[in-house]
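Visitor: I would like to learn how to read a model such as this one, step by step, beginning with the overall picture and ending with single residues. Could you take me through it?

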Amino acid sequence: MIDFELSPEIARNRDMIHMLAESQMRPLSREYDEREHEKPMEFFEMMWNASKMSPVEFGGGRSAKKDGPSTRSLGSAVTIEELSWGDAGLYLSIPNPGLGGAAVMAAGTPEQKERFLARFKNGAPKWGAMAITEPGCGSDSAAITTTAVRDGDHWVLNGTKIFVTSGWMAVEKSEGFVVVWATVDKSAGRAGIKAFAVDHHTPGMTVAGLEKKMGIRASDTATIVFEDCRIPLGNILGSPEVKKTTEGFKGVMATFDNTRPIVAASALGIGRAALDYTRETLEKAGVKIRYGAPAHKLTTLERDFMDMEANLQAARLLTWRACWMMDQGLHNNLEASMCKAKAGLAVTQVTQKAVELLGPLGYSRKILLEKWMRDAKINDIFEGTQQINLLIIARRILGYSSKELS
Amino acid sequence: MVSFQPSEEQQLIRDTVASFAAEQIRPAAHEADEDGAIPGTLIQQGWELGLVQSTIPEAHGGAGEAISAVTGVLVAEELAWGDLSIALHLLAPRLLLYPVILAGTPEVQQRILPAFGGNEFRAATAAVMEPRFGFDLAELATTAQRKNGTFMLNGSKCLVPLAGGAEHILTFARNEDGTVSGFIVDKGAAGITRIEREKNMGLKALETDEVDLNQCAVPAANRIACDFPALMNRSRVALAAMAVGVARAAFEYARDYAKERKAFGVAIAQKQAIAFMLAEMATEIDATRLLTWEAAWKIDRGDDATREAVLAKHYADNMAMKVTDNAVQVLGGHGYIREHPVELWTRNARGFATFEGLAIV
């Protein structure tokens with residue numbers, strides 16, 4: 001039965017998180033946008049303690065195939081929209097297993113899950129991270145040059161990773177871990193790419209720098225260098241075997257089907273923050289949006305506002321659908337890319353338009369709108385750029401392999 | 001609980017209508033557009049699907065199914081995927097029947113409904129739009145004045161489907177207190193004149209008419225005191241779903257063409273310039289369908305769905321225009337030739353931004 005009503009449990013949780021976002025995150029927004037690379041430790045402690053009480057799936061829920069239908073993924077999306085409504089940079093920096101955790105959940109053995117994920121249940125705040133991008137390759141993750149060479153009981157990693165979200169917190173500032181993508185056989189192309197979990201403070205791994213960014217400045221983006229970094233053999237996620245097929249690589253890529261709707265949900269939160277602020281400002285100024293008025297009576301402002309609303313809601317429903325499919329155990333590769341491509345673009349357009357509509361007020365750093373516009377853009381880029389997601393959508397709707405459509 | 005899965009019954013109806021659209025409607029669409037006429041046998045076959053009669057209450061000879069906007073949008077998308085003109089023709093009797101079922105007095109229901117439960121297509125329609133710049137649903141220029149137990153209707157209407165042969169035209173007019181009611185004008189009533197069959201950019205297969213009302217006297221019992229704004233939300237959602245159907249037709253045709261057509265040694269779909277257009281088209285079609293479902297769902301809950309319906313229709317108007325235009329673009333010069341249906345879909349798609357009240361769920 002087609003239904004758009006959130007379950008009472010998800011709705012209650014949303015309301016609770018909304019209060020938290022408003023009372024705890026908004027007051028920190030501007031400060032940690034300007035004090036880049038400094039950390040709101042008190043806020044982290046609070047979130048860490050709260051998440052131990054009711055764990056939030058920051059990296060997306062688990063596939064429903066084993067557990068039967070659930071609402072985990074949709075619940076996560078709704079929660080993350082609220083946190084990002086509060087502040088997307090702070091949301092991204094909250095101590096949690098992150099994308100590294102999602103990779104371990106998706107491809108790890110029970111032993112690996114215990115070793116890398118149990119730590120998030122107790123002790124001091126910790127972070128997990130994922131290191132894929134390199135200075136010479138981004139979207140083309142099959143072109144990875146970081147190497148993993150077997151040496152007795154160890155893998156030896158060498159290479160440089162950039163744009164690692166929370167990488168600094170994961171490997172130097174807490175007892176976390178990072179999942180690193182590296183090739184075990186350069187000649188094998190995609191089939192040679194494997195993921196390795198690397199524990200915090202492992203010798204040979206150093207944070208070489210932090211990026212200065214346009215937005216989401218509360219979240220650190222690290223460069224991590226691996227120089228003869230030795231990790232146990234058992235830290236490889238999935239099989240070490242290099243098969244002729246690209247199954248292993250596809251397995252790692254499948255993580256994105258879980259995480260893309262979550263990124264889309266974060267985008268929705270930023271967009272809604274901008275939309276809410278614009279609506280309130282218009283209301284205070286006595287501007288009313290006349291839904292249903294004919295074209296010749298609508299002002300440009302009314303039209304723009306309605307476009308923003310519809311655009312954002314379209315992205316939200318695509319996101320909910322991708323989550324719902326995951327919760328039902330349905331294959332959602334196409335739908336995950338659709339919602340990510342749509343939400344990343346929609347939130348970029350919505351926030352840019354909001355700044356335009358509010359004029360000098362929107363452009364001023366006295367209010368948060370300009371920050372939301374800067375924060376929004378990352379959603380059009382990370383976790384697969386808009387164009388990479390369009391490429392995936394195109395392959396799916398056309399029935400093409402990556403060779404046929406590159 | 002959020003779900004994107006139609007009920008089993010809805011899925012069954014959707015599948016039935018989709019087959020009919022593929023096997024009967026689509027093959028007839030091109031000729032109907034060229035001829036300006038839809039074959040009577042096709043209309044009769046469409047009638048036999050029971051899409052109109054099923055919601056007539058059992059007491060009046062129907063199947064007594066509840067009117068569901070969600071089921072309505074599923075059906076509307078599939079029919080319009082076949083052809084917009086034929087879809088609007090088949091569903092035109094709903095324009096009268098739904099308001100009568102939703103808001104008519106028992107007497108009116110008894111007088112009107114039983115005749116529509118038969119085995120043959122019976123034309124009926126509604127007159128909403130008016131032929132002038134500045135048409136506004138909130139300020140209809142057609143008026144109804146109470147006079148000696150009747151209502152005198154005065155004004156002009158346009159884009160009235162099937163006005164020529166309709167048994168009844170539900171004419172919407174402004175009451176003296178500013179509210180809007182529907183008035184059932186029976187076939188052959190004095191004071192109503194069908195000016196001419198319209199010649200429009202699209203919808204060429206569908207008979208739409210311009211109609212004049214000059215001191216047209218309607219018995220007081222023929223007034224349907226409906227919630228006009230709520231009715232227009234049902235229309236917006238129906239038209240938005242049809243826009244999705246037209247856009248989907250164009251997208252699928254362009255997608256298949258792009259896989260066949262070779263340029264520079266590969267299928268043009270293998271070029272990102274084309275592939276990305278198709279990817280965006282597919283995404284926007286899905287997005288619009290979900291907006292439409294949400295608005296329909298809200299209507300079925302009995303909530304005020306004005307905002308959702310307006311946004312869904314507005315979004316759908318733009319989406320259908322863009323997607324059908326892109327489909328012509330993918331086909332290039334061939335897209336401009338009437339042998340291919342994409343130019344027909346583009347002409348039909350342009351109408352949505354102007355249409356109000358041409359369909360209902």
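Guide: Let us begin with chain A, which in this predicted model contains 11 helices and 8 strands. Its radius of gyration is 21 Å, close to the 22 Å that the globule rule gives for 406 residues, so chain A is as compact as a globular protein of that length. Along the principal axes, the C-alpha trace of chain A spans about 75 × 50 × 40 Å.

Visitor: Into which domains is chain A divided?

Guide: The assignment gives domain 1 (8–96), domain 2 (105–243) and domain 3 (248–398) of chain A. Taking domain 2 and domain 3 of chain A as a pair, their C-alpha centres lie 30 Å apart, and 14 residues of domain 2 are in contact with 14 residues of domain 3. On the side of domain 2 of chain A that touches domain 3, strand 5 of chain A gives the most, with 3 residues, and by class this side has 7 nonpolar, 4 polar and 3 charged residues.

Visitor: How should I read a strand, and are the two faces of strand 1 of chain A covered or uncovered?

Guide: The general idea is that side chains in a regular strand alternate between the two faces of the sheet. In strand 1 (residues 128–131) of chain A both faces are covered, with A:Gly128 and A:Met130 buried on one side and A:Ala129 and A:Ala131 buried on the other. This strand 1 of chain A runs parallel to strand 4 (residues 177–183) of chain A, and 4 bridges join the two; within strand 4 of chain A, A:Val179 is the bridge partner of A:Met130.

Visitor: How many residues of chain B are in contact with chain A, and which helix of chain B supplies the largest share of that side?

Guide: In general, the size of an interface is often given as the accessible area lost when the parts come together. Here we can count residues instead: 37 residues of chain B are in contact with 33 residues of chain A. Helix 8 of chain B provides the largest share of the side of chain B that touches chain A, namely 15 residues, and this side divides into 21 nonpolar, 9 polar and 7 charged residues.

Visitor: Is B:Leu153 buried or exposed, and why?

Guide: B:Leu153, which belongs to strand 3 (residues 150–161) of chain B, is buried because 25 other C-beta atoms lie within 10 Å, and the cut-off for a buried residue is 20 or more. Leaving aside neighbours within four places in sequence, the contacts of B:Leu153 include B:Phe183, B:Leu213 and B:Val218.

Conventions: Residues are numbered from 1 along each chain as its sequence is written. Chains are lettered from A and ligands numbered from 1 in the order in which they are written. This is a predicted model: local features need pLDDT of at least 70, side-chain atom pairs count only at pLDDT 80 or more; totals for chains, interfaces and linings use all residues. Domain bounds come from an automatic or database domain assignment. Two residues are in contact if their C-beta atoms, placed from the backbone, lie within 7 Å. Ala, Val, Leu, Ile, Met, Phe, Trp, Tyr, Cys and Pro count as nonpolar, Asp, Glu, Lys and Arg as charged, and the others, Gly among them, as polar. A residue is buried if 20 or more other C-beta atoms lie within 10 Å of its own, exposed if 12 or fewer, and partly exposed in between; C-beta atoms are placed from the backbone. Two strands pair if DSSP finds at least two bridges between them. The radius of gyration is taken over C-alpha atoms; the globule rule is 2.2 Å times the number of residues to the power 0.38.
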